[in-house]
Amino acid sequence: MRLAVIGTGYVGLVAGAGFSDFGNDVVCVDLDEARIERLRKGVIPIHEPQLEDLVQRNLAAGRLSFTTSTAEAVPGADVVILAVGTPQSEDDGSADLRFIEAAAAQVATALTGFAVVVTKSTVPVGTADRIRAILSAGTKHPFAVASNPEFLKEGDAVNDFMKPDRVILGVDDDRAARTLRSLYSPFVRTGDRIMVMDIRSAELTKYASNSMLAVRISFMNELALLAEKVGADIEQVRKGMSTDPRIGNKFLFPGPGFGGSCFPKDIRALSHTARQNGHQLEIVDAAERANRRQKRVLGERIRAAFGGALAGKRIAIWGLAFKPETDDIREAPALQLVSDLLEAGATVVGYDPVAMDNVRAQLGDRIELANDMYAVAAGAHALALVTEWKQFRGADFRRLKEQMANPLVFDGRNIWDPATMRDLGFTYHAIGRGHEQNAPRG
Ligand SMILES: NC(=O)c1ccc[n+]([C@@H]2O[C@H](COP(=O)([O-])OP(=O)(O)OC[C@H]3O[C@@H](n4cnc5c(N)ncnc54)[C@H](O)[C@@H]3O)[C@@H](O)[C@H]2O)c1
């Protein structure tokens, strides 16, 4: 099949490369000329495991190409995939649909015959109708619109895309359903995980899934704060809960709040859709509020440890990306922490295996960055672990302690053993491990 993918970010690039790997001819479009120039040479603009190989292999095979011109990519395509960003609007939390509407208008003028125009971006219920209206106004050629929300996770995006748990197809047209089914059938050979449904249900499924996951995280974060107050250990509680198959063991890890390019904006957009329709999603709203509070917890604790002010204090941060295995820092908890620490007068120095270029671009010289996880701790009065990259789990703590001016550690992901840390001579704080405060010292 011939495909045009409009928007070559995390989703568009993975999808474009993934589809081409199954033998389709794919042209990926992006407005960003520098990005397209680099991609043409096989240089990947983001950190995503396995993506470089996938792109280079299909580029070399001539099945994958890149352009800045929608007018060039769309003619002759059987399927046009919209994968542009849908960020949050400044004002009311709604999804900003300017990019998707502009992309649809560009596609309309480029159509030369029938194509299925399918939205992979996360868009509010009803967006397919807007896209249909834009296409109708801009072309005389026949087309079908469809919704195909994407469920890949950054950091494991290639695996998720190539072996999806499910493929959701929102369609109201038989031809579109047939085309999209045959596009996806090689991805689901070992079981029919393609679900065909109406377009509005498909659009809502994506927000429902992300919101459920966000709610789980916020629930555990709230419970973790309670565990501290009542002298319980959230890690024991988590294990106790997760053996119940109705609950399961995923997304129950307390931490410094969730970030990323999806959960925060998607729960706000869903809540906005509800309000627009005269409905209040109390639980989703509460998850948002709880998350905003949770993102301040590490900063408050570090300040409290120094009596409220951090002037003259050097605070090191391990992990700046919003989660491991990605360089994405959108709404990352580390950014809130940096801002809180700076406001309290601290000098902040950070290390992340892959996200430092993005941090430098966003924060400039407000934060010092070090190229080594131990060097970042040199002279630090405290260290905060914010992103649980693997290399931090088995850190050389003796070396770390030698570097630090003061052996004070805030483990924002509960990845270290409290007793071991204490034995090594650290003053150790975790999230929700209240029993530690009552544990005998010495
Ligand atoms: N990142 C994820 O993990 C993820 C997962 C599932 C769904 N989504 C959704 O997928 C969509 C894309 O997310 P992303 O993270 O890939 O975004 P992104 O910001 O990484 O990429 C979007 C790209 O679209 C380009 N673009 C914007 N307008 C364009 C136009 N008219 N023509 C061509 N290119 C254009 C931008 O230059 C940018 O490179 C969003 O709706 C997001 O919510 C993201």
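Predicted model: local features only at pLDDT ≥ 70, side-chain atom pairs only at ≥ 80, totals over all residues.

**Entry 1: an aromatic pair**

Residues are numbered from 1 along each chain as its sequence is written, and side-chain values use heavy atoms, with hydrogens and water left out.

I then looked up the pairs themselves, and a search of the whole structure gave me 14 aromatic pairs. Rings of Phe, Tyr and Trp (its six-membered ring) pair if their centres lie within 6.5 Å; planes under 30 degrees apart are stacked, over 60 edge-to-face, and the rest tilted.

One of these pairs is Phe-22 with Phe-187, which is tilted, with 4.3 Å centre to centre and 55° between the planes. Phe-22 is in the loop between helix H1 (10-21) and strand S2 (25-29), and Phe-187 is in the loop between helix H8 (174-184) and strand S8 (194-197), so this pair ties together parts 165 residues apart in sequence. For these labels, helices (H or I, at least four residues) and strands (E, at least two) are DSSP runs, numbered from the N terminus. Phe-22 counts as partly exposed because its relative accessibility is 36%. Phe-187, at 3%, counts as buried.

Back to my opening pair: the rings of Trp-318 and Tyr-374 have centres 6.2 Å apart and planes at 85°, so I noted the pair as edge-to-face. This pair also links distant parts of the chain, with Trp-318 in strand S9 (residues 314-318) and Tyr-374 in the loop between strand S11 (368-369) and strand S12 (382-385), 56 residues apart. Ring pairs join Trp-318 and Tyr-374 into a cluster with Tyr-351, Phe-392, Phe-397, Trp-416 and Phe-426.

**Entry 2: charges over rings**

Which rings have the charged end of an arginine over them? I found Arg-166 over the ring of Phe-151, 3.7 Å from its centre. I also found Arg-175 over the ring of Phe-114, 3.7 Å from its centre. The test asks for NZ of Lys or CZ of Arg within 6 Å of the ring centre and within 35 degrees of the ring normal.

**Entry 3: cysteines**

How many disulfides does the structure hold? I found zero, a disulfide being a pair of cysteine sulfur atoms within 2.5 Å. For Cys-28, the closest cysteine sulfur is that of Cys-262, 18 Å away, which is too far for a bond. Cys-28 is buried, with a relative accessible area of 0%, whereas Cys-262 counts as partly exposed at 30%.

**Entry 4: two residues up close**

Ser-147 lies in strand S6 (residues 143-147) and is buried, with a relative accessible area of 4%. Leaving aside neighbours within four places in sequence, its contacts (heavy atoms within 4.5 Å) include Val-118, Thr-119, Ile-168 and Glu-203.

Thr-179 has its place in helix H8. Is Thr-179 buried or exposed? I noted Thr-179 as buried, with a relative accessible area of 16%. Beyond its neighbours within four places in sequence, Thr-179 is in contact with Met-1, Val-79 and Val-116. I also checked Gln-276, 97 residues from Thr-179 along the chain: their C-alpha atoms are separated by 34 Å.

**Entry 5: helix H13**

Helix H13 covers residues 333-343, and its buried residues include Pro-333, Leu-337, Asp-340 and Leu-341. Among the elements that cover the buried residues of H13 are helix H12 (282-305), strand S10 (347-351) and helix H14 (356-363). After H13 comes Gly-345, whose phi is positive, near 100°.

**Entry 6: the whole chain**

The chain has 18 helices and 14 strands, and 54% of its 442 residues count as buried. Its C-alpha trace spans about 75 × 45 × 45 Å along the principal axes. Among contacts between residues at least 6 apart in sequence, 73% join residues at least 24 apart.

Technical notes:
Buried < 20%, exposed > 50% of the residue type's maximum accessible area, 1.4 Å probe, protein only.
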